[in-house]
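Here is a short report on helix packing and backbone geometry. Look over the chain first, then read on.

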Amino acid sequence: MYLNGMIDFTKGVSARFLDYTTYDTMSDPSKAGIERPTTPGQVVLQKALIRQLEELGLEVTYGDESVVHGILRSNTPGAPAVGFMAHVDTADDVMGNGVKAICHDYKGGDIALPGGPVILTADNPDLEDYIGGTVITSDGTTLLGADDKAGVAIIMEAMAYLVAHPGLPHGDVEVFFTPDEETGAGMDRFPYHEQLSKVCYTLDGGEEGGIESECFNAATVTIKIHGVSTHLGSARGRLVNALKVASVITDALPHSESPEATDGHYGYYHVGAVNGTNVEASMEIYIRDFDSAGFDFRIKALQDLAHAVAQVYHASIDVDVHVSYRNMDAANAAHPECLETVRRAAARLGISVRDEIIRGGTDGARMAEKAGVPCPNLFTGGHNFHSLVEWVAVDAMSRSVNLVLGIVEEFAARR
Ligand SMILES: [Zn+2]
């Protein structure tokens, strides 16, 4: 065991994080699948990360996939490889560029940001855990970008520590810094052919202690509705209004199975977009379900519903189902050592962890689906992602660095 208790990484990890927040890496969902990365600022940060990894002595590749792939070569023959992944882009729900991070020596109480928003302790009970430490926020006019630059900083700090302590045993340690996670296109292209690790972890979680190993199964169902247009004056019995068909389909979906009516393990249908005219309309409906049988049922139920409504209204429709990602718990179950390793490392370090579910997806879910590599999501210490009141506790980031090193150590011991 080489980690004799917790190491204080607060200085290093916060310095790295503050540096990364100065890069404008907001991604653009409207360019997802068209340009990669969707915004050029992401490449600027990725190039900086490549330089930093090379300075540390890692082997780095950066190909057409636009994914930074670094390898710290094993010093322990027989130890299995392990991977860590974080994304360089930030969300576009609120302005993500021009971030001016502020470090608060947190003494308790609400945090008023210069730009106006106030981080209320009433809404953020976890703040209390960080009294006496440093809490980082934006100035209140942008998000902070702890999602996921905290993850990038945690991984980089852990790599720097391993390089600075060459006597510490480790197998091949891989790092991946992906673009465009927030657009959902981050894993559209990934250098799977280069990947050594059979177990990987994303550092893209929130509150301290959270380990997310389950996510939704997710599909987007696109329904194209073809109406029948006539002169409105002589439309009786002939006109088929595509928008009306869309609205009937929308209303026929169970209201109790919507995102606003569900939480926990409950799945839902969500009409995300309706576009068009009375002649042609298209709908995008999101289906989410943790259970794969339930997921398949929802897809079939929606298809049947859409066809039935179309028949009643004499419209013709095309239905396209695109599965976005699947629940990664199957891959985790097939490799139980993946989560056991985290729990063992956390127990040794005195970090209390808890299992959480993601009512969404992660890049790790895509990896699990595509490559069969389990890839749970670990906490970074960030809160209120995608908002002006985002914050991250430096102490939590430091403990996350320890957890990464603890996981590396567990893998080294498995030779
Ligand atoms: Zn994220």
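At what angle do helix α2 (residues 41-56) and α3 pack, and how far apart are their axes? The angle is about 15 degrees and the axes are 10 Å apart.

## Ground rules

This is a predicted model: local features need pLDDT of at least 70, side-chain atom pairs count only at pLDDT 80 or more, and totals for chains, interfaces and linings use all residues. Residue numbers start from 1 along each chain as its sequence is written.

Helices (H or I, at least four residues) and strands (E, at least two) are DSSP runs, numbered from the N terminus. Axes are lines fitted to C-alpha atoms, for helices over the stretch in contact, and angles run from 0 to 180 degrees between N-to-C directions.

## α2 against α3

The angle makes α2 roughly parallel to α3. Angles under 35 degrees count as roughly parallel, over 145 as roughly antiparallel, 65 to 115 as roughly perpendicular and the rest as oblique. α2 passes α3 in a left-handed crossing. A crossing is left-handed if the near helix is turned anticlockwise from the far one by less than a right angle, and right-handed if clockwise.

From α2, the contact uses L49, Q52 and L56; from α3, it uses V152, M156, M159, A160 and V163. Contact here has a cut-off: C-beta atoms, placed from the backbone, within 7 Å. By class, these residues are seven nonpolar, one polar and no charged. Nonpolar covers Ala, Val, Leu, Ile, Met, Phe, Trp, Tyr, Cys and Pro; charged covers Asp, Glu, Lys and Arg; the others, Gly among them, are polar.

## α1 against α3

Helix α1 (residues 10-21) and helix α3 (residues 146-164) have axes that come within 8 Å. They cross at roughly 135 degrees. That makes α1 oblique to α3. The crossing is right-handed.

On the α1 side, the residues are G12, V13, R16, F17, Y20 and T21. They meet K149, A150, V152, A153, I154, M156, E157 and A160 in α3. This contact has nine nonpolar, two polar and three charged residues.

Helix α9 (residues 394-412) has 19 residues. Its first and last C-alpha atoms are 27 Å apart, close to the 27 Å expected at 1.5 Å a residue. The expected span is 1.5 Å times one less than the number of residues. 19 of the 19 residues of α9 are buried, so the helix is largely enclosed by the rest of the structure. Buried means that 20 or more other C-beta atoms lie within 10 Å of a residue's own; exposed means 12 or fewer, and partly exposed is in between, with C-beta atoms placed from the backbone.

The axes of α3 and α9 come within 9 Å and cross at roughly 55 degrees. The two helices are therefore oblique to each other. Their crossing is right-handed. α3 supplies A150, A153, I154, I155, E157, A158, Y161 and L162, while α9 supplies M397, S400, V401, V404, L405 and V408. These divide into 12 nonpolar, one polar and one charged.

## M156 in α3

Is M156 buried or exposed? M156 is buried, with 26 other C-beta atoms within 10 Å. Its place is in helix α3. Neighbours within four places in sequence aside, M156 is in contact with R16 and Q52. F17 lies 139 residues from M156 along the chain, and their C-alpha atoms are separated by 9.7 Å.

## Backbone exceptions

Most residues other than glycine have a negative phi, and most peptide bonds are trans. Which peptide bond has omega near -10 degrees? The bond from R36 to P37 does, and it is cis. P37 sits in the loop between α1 and α2. The bond from D147 to D148 is also cis, with omega near 10 degrees. D148 is in helix α3.

D180 is not a glycine, yet its phi is positive, about 60 degrees. D180 lies in the loop between β8 (173-178) and β9 (200-203). D180 is buried, with 29 other C-beta atoms within 10 Å. H314, also not a glycine, has a positive phi of about 60 degrees. Its loop runs between α5 (292-312) and β14 (316-325). H314 is partly exposed, with 13 other C-beta atoms within 10 Å.

Notes:
Two residues are in contact if their C-beta atoms, placed from the backbone, lie within 7 Å.
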